[in-house]
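Look at the structure below. Then work through the questions one at a time.

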Amino acid sequence: MTARLVVEGLTKRFGGLVAVRDLSFEIRPGEILGLIGPNGSGKSTAMKLIMGIERPNAGSIRLDGVEIAGWPAHRVARAGVGLVFQHSRPLHRQTALENIKLALLPDSLTRLITDHSVTEQARAIGESVGLGRVLDRYPHTLPFADLRRLELAKAIARNPKLVLVDEPFAGLTSAELADFSRLIAHFRDEGRAVLLVDHNVKGVAALVDRVVALYLGERIAEGTAEEVMRDAKVRQVYLGGSIEMHARPAQLNAARSLLEVEDLSVFYGKAQALERVSLSVRAGEFVSVVGLNGAGKTTLFNAISGLVPYQGRILWNGVPLAGQSAAAIARSGIVQCPETRELFGDMTVQENLDLGGQHQPPEEERKRLRWLFDLFPILEARRGQAARTLSGGEQQMLAIARALMMNPRLLILDEPTLGLAPVILEQLSQALERLRETTPITVLLGEQNVRFALSHADRVYVLEHARIIWEGLPEHFAKEAGAAYL
Amino acid sequence: MSRRTLAALVLLLLLIAFPFVASGYLLGVFTIAFYFGVFAMAWDLLFGFAGEVNFGPTFLIGLGAYAAGLLNVRGWPILPAVLAGAVAAVIGGLLLALPALRLRGPYFGLVTLVAVLLLQQVIVIFAGVTGGEIGLSLPDVLSVDARKNYWYALAFMGVSGALLYALSRSPAGLILQAAGQDPVEAQALGFNVAKHKLAAFSISALFSGLAGALMVFYLGTASVDTVVDISVTVQVIIAVVLGGRRTILGGILGAVFLIGVGEVLRPLGQLSTFVVAAIALAVILLFPDGLIGAFGRHGREA
């Protein structure tokens, strides 16, 4: 059978960052292809390029032989491509049924009367995805899984030839997961081509016919789910190769506990982001929390920093943090360096660092600045440059340096390796190693790059689907918890 | 639902009969409020449905008002002048929106704000033609009878409200809401978001221009203070938020309330503006969904 979707040489650059590089693959009608890769691998960008939400810099996307690369999204959609969004944002003043009806409407300015056959059709689609009982309810009254069903229903309503599904199972319980697998498998039976975008093979293995694995914008493996899981390069990316462990003095184990998290639960509306998570960080320790995107790492850090409401207890030096403002928590010595970096883009490197040092006495500030320029020499060379003009790796270093300017007792690093090229990663790794060896700082690191996380850690926690599922020493990780990481 | 329709009909009949009991002064207040109601509804179509904050409703209103007024001065009868005013507003609106809708975030709003200032400057600079800051006196007026003026305004507002409300509830209105709330998803569903927003802008311009033109023929003069000034924009926006955004008809409620309270408090002088603003602030804080939103919610729960 000929391919329905042919992607050839697809390339997308964002400024200096190449998000997708020379990517090629095909999907046949009635086939489910999994497009997997860690955060920052370019899989979501690839999906957006196909949908027309982003325009490619080079390459070709053909749907049934028609070149659709560079078309606006609404034309791509009319040509027969549907996208099931990960986050549902339905119209809140309309019922579930009306939301499905929306997807059935033609792109017309003059359609002023609702056709009754449309209502019937919408009802039938709603029932087919299991929304039958709640069609007349408003979206804000629906549970999370039903909102995902609504997204599926909208995609089905367009009767697409090719369905793109972004992280199909994120946030679903195992019972709902089976239900959704069946619905997606049904797409295949109807002869549609399906592209599933997800983080790891494991989650979609049962469903996909083939898998394409991406890393840093490039295809690193292709084949059946088993083949890709066995692939040496994939194992390298997800598990890390030979891990260089850095032994630490044994007296650490005797150190007192600095941060205690007990039975922490966090909800975002109806979705549970953390479920009774407990962990502890001792003074001077370097602790890594490993987990895929959506596992709850950022939520955990935001709870510690006082940015999201939570249930459970967080003790800092034995004192509960509940009720303190985020600013007070930061001043007490817990400094977070967020995944999104949050630099002041129009300010120079120097100004960003000065802002971090606002609460230090001038003499102390000058001393720290010298120390940081020694730790990250590239920042000294760039000190007069606006932060937004730095490369991704330099921005990450600046973000870490700015956090260090605040003289933290606990530094929280959220995904510092996100989207960084291997060579930059190596520089960052060296800087962290020096930090660990030359200062008494305590670090809590969140990573999905297992290799990076393990090589610096004294202890490791694994977070999966909102729960801590493993805790131990880095050298035991590969044997005891590694399998979950493919 | 049918009970609500009945209530609306009764209210409409009461409004139609109102001139038989009310004074000319009161009718004048309501006449102005009705035109403001149309300004507000036209603005809500953009803000509440298309999701675009247009800080320049008075650019559209002013274009309609001055185009109609200037043509009337040159001898055009009222009806063609009003229609030409509406056309001018739509054309001006399109010229503004075509480039402005390409901008993201707050920039669309800023461009529309600047457009108002430009129009105001043009009117002041070409005072020889436009009457400048003193205003443009029109040879014709709709009527000298307060009752007739009231009914004209009521009829115009009723028809405009019915059309805009029907549009907002139609399939095209649904697409517009989707485009306003989540343009990426709307496009992924196959809707040309730019096309729908442009159409909404044109319709908003049409009704704003018509209302502006009709209002100057009621007042007998077109002046910057009444149809162009930023303070008019602020009143339109407050009327919508007060009445309830995304409701269309809430704009009427907000406008009547705003103009009405402004008149009642007129003896307070400068202080009245302050009191009106304070009341508006309180309503917005207590009922973020506006007056209609507050009633509507009770209705749904009952």
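Q: In what order do the six strands of the open sheet in chain A stand?
A: This is a predicted model: local features need pLDDT of at least 70, side-chain atom pairs count only at pLDDT 80 or more, and totals for chains, interfaces and linings use all residues. Residues are numbered from 1 along each chain as its sequence is written, while chains are lettered from A and ligands numbered from 1 in the order in which they are written. Strands (E, at least two residues) and helices (H or I, at least four) are DSSP runs numbered from the N terminus, and two strands pair if DSSP finds at least two bridges between them. The pairing in this sheet is mixed, and the order is β16-β17-β18-β13-β19-β20.

Q: Which strands stand at the edges of this sheet?
A: An edge strand here has a single partner strand, so one side of it is left without a neighbour in the sheet. From one strand to the next, the twist averages 20°. The edge strands of chain A are β16 (334–337) and β20 (467–472).

Q: Which residue is the bridge partner of A:Ser288 in β19(A)?
A: Strand β13 (residues 286–290) and strand β19 (residues 459–464) of chain A run parallel. Four bridges join them. The partner of A:Ser288 is A:Val460.

Q: At about what angle does helix α15 of chain A run to β16(A)?
A: Axes are lines fitted to C-alpha atoms, for helices over the stretch in contact, and angles run from 0 to 180 degrees between N-to-C directions. Contact means that the C-beta atoms of two residues, placed from the backbone, lie within 7 Å. Helix α10 (residues 297–304) of chain A lies across β13, β16, β17, β18 and β19, at about 150° to β17(A). Helix α15 (residues 392–405) lies across β16 and β17 of chain A, and its angle to β16(A) is about 170°.

Q: Which residue of β4(A) is the bridge partner of A:Val6?
A: Strand β1 (residues 5–14) of chain A is joined to β2 (residues 17–27) by seven antiparallel bridges. β1(A) also pairs with β4 (residues 58–63) in the antiparallel sense, over five bridges. In β4(A), the partner of A:Val6 is A:Arg62.

Q: How far apart do the C-alpha centres of the two domains of chain A lie?
A: Domain bounds come from an automatic or database domain assignment. Domain 1 covers 5–239 and domain 2 covers 250–485. Their C-alpha centres lie apart by 33 Å.

Q: Which helix gives the most to the side of chain A that touches chain B?
A: 25 residues of chain A are in contact with 21 residues of chain B. On the chain A side, α2 (73–78) and α3 (96–104) each supply at least two residues. The helix that gives the most, with four residues, is α2(A).

Q: What is the radius of gyration of chain B?
A: Chain B has 15 helices and two strands. The radius is taken over C-alpha atoms, and the globule rule is 2.2 Å times the number of residues to the power 0.38. For 302 residues the rule gives 19 Å, and chain B is close to that, so it is as compact as a globular protein of that length. The radius of gyration of chain B is 19 Å.

Q: How many of the eleven residues of helix α8 of chain B are buried?
A: A residue is buried if 20 or more other C-beta atoms, placed from the backbone, lie within 10 Å of its own, exposed if 12 or fewer, and partly exposed in between. The buried residues of α8(B) pack against α3 of chain A together with α2, α7, α9 and α10 of chain B. Helix α8 (residues 171–181) is mostly covered, and its buried residues number nine.
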